[in-house]
Amino acid sequence: MKSKSDKLKSFIEKFHIKALVIILLTYLAIVTILYFILRLNDVRDSDGALFSYLDVLVFNILTIAGNDYFFDHNNATRLIGIIFLLFSMIVLSMFTGYISSAFVERRLKQERVLKKMQNMKNHIIILGYKNDLKSLIQDILRKNASLSIENIVLINNLEQEKIDLLKEDKALKGLNVFKGDYTIEQTLLNANIKYASKVLIIGENIENLDDELIDSRVFVTALMVRNLNSKCHICCEVKTERYKNYLLQQNCAEVIYTEEYTRYILSTSTNYSGMSKVMSSFLDNGDGTSVQILTIAEEWVGKKYGELFDYYKKEKKYLLIGVLENMGVERELKHQILSDAQKSTNYGEIIQKLKDVKNLETNCPRLNPSDDFILTKNMGAIVLGEEK
């Protein structure tokens, strides 16, 4: 059986707090009117003047607050006063009990989320907020069938109301939502950043900041994330070319400069009819066919691009449109090259590998190479095909 506090809580959730306030105010007004009508000609103050309706209303409000009590010798008004006082005590205690329990519950939920995140590994952390955040998360899940929403952590510093809306969305049930400033190291540590596999930093504009200030927060966060977890895949969205260049100089794995893509689509759509639809199809127009990057197995190392093209076309039903050289996280690739160099007894080869490390450019696309192009280690296949 539900307690009175639980019943009030469910009532508030159903009819909203505004409806409850209107009901309470209506009740207060009705009781005040009854007082005033029953003692219309006999409700006087200490100076003998008749009380006004406003005076009676003030007395009732003070009664609710426990500071005063409207008393006279009329039995009818005395009975109404007792009922009003008792009812007010019950409603106030229930209301304050609900508010306090709501704050306690919110804090406990936050602590449970923190405790859960401390045990997470190989999870994805999204820092910031976008208006289409729900669609973004759903697309991430759709493109990665092995990923569950419980392995995604969202951190931003939005108003509590917007955060609650995200938590209550049925489509995002299981999403770990945490309120905090992601530019603070402790916030990232709370999300177990050291064991995250991917971090997406999209920024947020909650204080009407200009684009450069938003991007500066993204930049600082990217450096902090890389310092805390050098192995994770970091993806940043920026709005200014200046911070795009800063992030590229810091060898950030993925930098999405939205203005650049927008400008390209607008310019090419002006010259070629249907280009916007072509670009949409390449990225993903909802039919499950899009450009993807697949890891090339080691057995293909040393073989020709043309052979891999035929394999994907016949066996996988994919169209191979290029390769991605040095695919992966820069630190891991450099460590791998240096490890291979240590195994070699050829000094010339060692020197060459050291030069390769120094000049290494990660995730470098090579589109439509010749059929004789030789596949090397740490390459990815850029294909167009159905998502699986």
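## Antiparallel sheet

Two strands pair if DSSP finds at least two bridges between them. In this predicted model, strand 7 and strand 10 (residues 380–386) pair in the antiparallel sense over 7 bridges. Within strand 10, Val 383 is the residue that stands opposite Gln 292.

These two strands belong to an open sheet of 4 strands, ordered 7-10-8-9, with antiparallel pairing. Strand 7 (289–295) and strand 9 (364–367) are the edge strands, each pairing on one side only. From one strand to the next, the twist averages 30°. Helix 11 (residues 305–316) packs on the sheet, where it touches strand 7, strand 8 (319–325) and strand 10. The direction of helix 11 makes about 130° with that of strand 8.

## Loop residues with positive phi

Most residues other than glycine have a negative phi. Lys 317, in the loop between helix 11 and strand 8, has a positive phi, near 60°. With a relative accessible area of 65%, Lys 317 is exposed, because the cut-off for that class is over 50%.

Asn 368 is likewise not a glycine and has a positive phi, of about 50°. The loop that holds Asn 368 runs between strand 9 and strand 10. Asn 368 also counts as exposed, at 64% relative accessibility.

In soluble globular proteins, nonpolar side chains tend to be buried together. The largest nonpolar core here has 29 residues, of which Ile 125, Leu 127 and Val 199 touch the most other members. At least two residues of this core come from each of strand 1 (124–128), strand 2 (152–156), strand 4 (198–203), helix 7 (211–228), strand 5 (233–238), helix 8 (241–249) and strand 6 (254–257). Helix 7 supplies the largest share, 6 residues.

Neighbours within four places in sequence aside, Val 199 is in contact with Ile 125, Leu 127, Ile 193, Val 225, Cys 232, His 233, Ile 234 and Cys 235. Another core, of 17 residues, lies apart from the largest one and includes Leu 133, Ile 152, Leu 172 and Val 177.

## Packing of helix 9 and helix 10

Helix 9 (residues 258–271) packs against helix 10 (residues 275–283) at an angle of about 135°, and their axes are 8 Å apart. The two helices are therefore oblique to each other, since an angle over 145 degrees would be needed for roughly antiparallel.

On the helix 9 side, the contact involves Tyr 264, Ile 265, Thr 268 and Ser 269, which meet Met 275, Ser 276 and Met 279 of helix 10. By class, this contact has 4 nonpolar and 3 polar residues, with no charged residues.

Notes
Residues numbered from 1 in each chain as written. Predicted model: local features only at pLDDT ≥ 70, side-chain atom pairs only at ≥ 80, totals over all residues. Heavy atoms only, no water. Axes fitted to C-alpha atoms, helices over the stretch in contact; angles between N-to-C directions. Parallel < 35°, antiparallel > 145°, perpendicular 65-115°, else oblique. Contact = heavy atoms within 4.5 Å. Nonpolar A, V, L, I, M, F, W, Y, C, P; charged D, E, K, R; others polar. Core = buried A, V, L, I, M, F, W, Y, C linked by side-chain atoms within 4.5 Å. Buried < 20%, exposed > 50% of the residue type's maximum accessible area, 1.4 Å probe, protein only.
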